[in-house]
Amino acid sequence: MKYTTLNRRDFLKKAGMAGTAVAFASSPWLSVFADSKHTDRSVARIGIIGPGSRGRYLMQFLANDPKVEITGLCDTYQPSLDEALKITPEAKVYSDYRKLLEDKAIDAVVIATPLNTHCQIALDAFDAGKHVFCEKSIGFTMEECFAMYNKHKSTGKVFFSGQQRLFDPRYIKAMEMIHSGIFGNIQAIRTFWFRNGDWRRAVPSPQLERQINWRLYREYSKGLMTELACHQLQIGSWALQSIPNKVMGHGAITYWKDGREVYDNVSCLYVFDNGEKLTFESVISNQFYGLEEQILGHLGTIEPEKGKYYFENTAPAPGFLRLINDIEHQLFDTLPFAGTSWAPETAKDNAGEYILGEKPKGDGTDLMLNAFAEAVITEKQPAKVAEEGYYASVLTLLGDMAIEKGEILTFPEEFKLDYLNHRKSLI
């Protein structure tokens, strides 16, 4: 298999951002696509640990990448292996991940197992000399996340987490716009992810309930916080170029009362040093509003998921609407209302503009995996990828802890990285 270098210009063209040199200033992790000296390795030979539904989703992209060979598969559930072999029939099969790690022909691993198993597998993989891509959240506790990050640093091996928005062109462009100041000072960020479904998978026998539906049980997962919030909290800290220091939250099982242990309804409020707030909400019994990050500055608003932005000062209303407004003023201003209750603060009728000139396509997963393969081949860790994944994971776990304790918690000093002190100057 012949490998063709994906250089800086090729990446920007693929991402729909040709000529956008500032992308590398706002998103230094894209530096992995810069022209650089390669090793004598022509492809990234990758083993998949946990080819369940998420693992196979990632495999679809990797299998279509000419610079990737999926050479190993590991799972304890045979049906998952059978489905994965349909994608890569030549791959070796393992039931013990430690045997896969002994294979010298494997350069890197993708970890897509239940959350409570991530840490040990990743630590063992680093010790075995493998580069690591780990699904988010990376660890089950803040201590695990810290141990994983430190092992990455001590071994010098590449470390990615499943934060695909870091590589999504609309998010990269959105952050360029935010950091340039065109939306003014960012005052608040609202994030939400709403679904309508029980989050269950079919189980062939009751004995497999916890193995297959592990996301529903506290022994294996922290539920909506670790599975969904991890994406959106990273967007908040990326936009504000810092991490929040306080968090409070609430969670409950309000609809899916089916024996699950994780909440189906959560809300968290994160507060930054300057008083800006970042909120996360998730309900999985109503999907009307879907998912979004609403980043609010005093001059405008940007919604990266929708791929649109809006300025506060919009064009004046048509003449007829202006006439109606004037009539309302003349009529209601003479009445003894308490305040201006006649003019409620309803949402503005503002169609906005597309960030990249069109509706968004994809979510950055393909480009993220392209970058991981490139990093494995070049043995070059992109700037701040590991740190962004680390903080996103720790913030979700801190939020979950605040919900469980019913307290306002402060970000522990012992889990802050030296990198944080230099973050603003690097972005």
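Trainee: How many nonpolar, polar and charged residues does the lining of the second largest pocket have?

Mentor: The lining of the second largest pocket has 17 nonpolar, 13 polar and 15 charged residues. Here Ala, Val, Leu, Ile, Met, Phe, Trp, Tyr, Cys and Pro count as nonpolar, Asp, Glu, Lys and Arg as charged, and the others, Gly among them, as polar. Before going on, note that this is a predicted model, in which local features need pLDDT of at least 70 and side-chain atom pairs count only at pLDDT 80 or more, while totals for chains, interfaces and linings use all residues. Residues are numbered from 1 along each chain as its sequence is written, and side-chain values use heavy atoms, with hydrogens and water left out.

Trainee: What counts as a pocket?

Mentor: On a 1 Å grid over the protein atoms alone, a pocket is an open set of points with protein on both sides within 12 Å along at least five of seven lines. A cavity is a set of points where a 1.4 Å probe fits but cannot get out. Lining residues have an atom within 4 Å of a point.

Trainee: Which residues lie nearest the centre of the second largest pocket?

Mentor: Ser53, Arg54, Ala112, Trp214 and Arg215, out of 45 lining residues. The space in that pocket is about 1200 Å³. A volume is the space filled by probe spheres set on the grid points, which are joined across faces, edges and corners.

Trainee: Which helix gives the most to that lining?

Mentor: H3, with four residues. Helix H3 (53–63), helix H4 (78–85), helix H6 (118–127), H9 and H10 each supply at least two. Helices (H or I, at least four residues) and strands (E, at least two) are DSSP runs, numbered from the N terminus.

Trainee: And cavities, how many of 30 Å³ or more?

Mentor: One. The largest cavity has a volume of about 40 Å³. Its lining includes Arg218, Lys222, Tyr263 and Asp400. Helix H10 (224–240) and helix H13 (385–405) are the elements that give two or more residues to that lining. By class, the lining has six nonpolar, one polar and three charged residues.

Trainee: New topic. How many salt bridges are there?

Mentor: The count is 22, where a salt bridge is a side-chain nitrogen of Lys or Arg within 4 Å of a carboxyl oxygen of Asp or Glu. Side chains of opposite charge can pair when their charged atoms come close.

Trainee: What does arginine 210 pair with?

Mentor: Glutamate 261, with the closest N and O atoms 3.0 Å apart. The two are 51 residues apart in the chain: arginine 210 is in helix H9 (residues 209–212), and glutamate 261 is in the loop between strand S8 (246–252) and strand S9 (265–271). Arginine 210 has a relative accessible area of 32% and glutamate 261 has 34%, so both count as partly exposed. Buried means under 20% relative accessible area, exposed over 50%, partly exposed in between (1.4 Å probe, protein chains only).

Trainee: What about glutamate 209, buried or exposed?

Mentor: Buried, at 18%. Glutamate 209 forms a salt bridge with arginine 200, the closest N and O atoms being 2.7 Å apart. Arginine 200 is partly exposed at 27%.

Trainee: Which residues form a network of salt bridges?

Mentor: Arg165, Asp168, Arg170, Glu293 and Glu305 are linked that way.

Trainee: How many disulfides?

Mentor: Zero in the whole structure, a disulfide being a pair of cysteine sulfur atoms within 2.5 Å.

Trainee: Last one, strands. Why is strand S11 largely enclosed?

Mentor: Because five of the seven residues of strand S11 (residues 291–297) are buried.

Trainee: Which strands does S11 pair with?

Mentor: Strand S7 (residues 186–193) runs antiparallel to S11 and is joined to it by seven bridges. Strand S12 (residues 300–303) also pairs with S11 in the antiparallel sense, over two bridges. Two strands pair if DSSP finds at least two bridges between them.

Trainee: Which residue is the bridge partner of phenylalanine 192?

Mentor: Glutamate 292, in S11. On the S12 side, isoleucine 295 stands opposite isoleucine 302, and a hairpin joins S11 to S12 through two residues.
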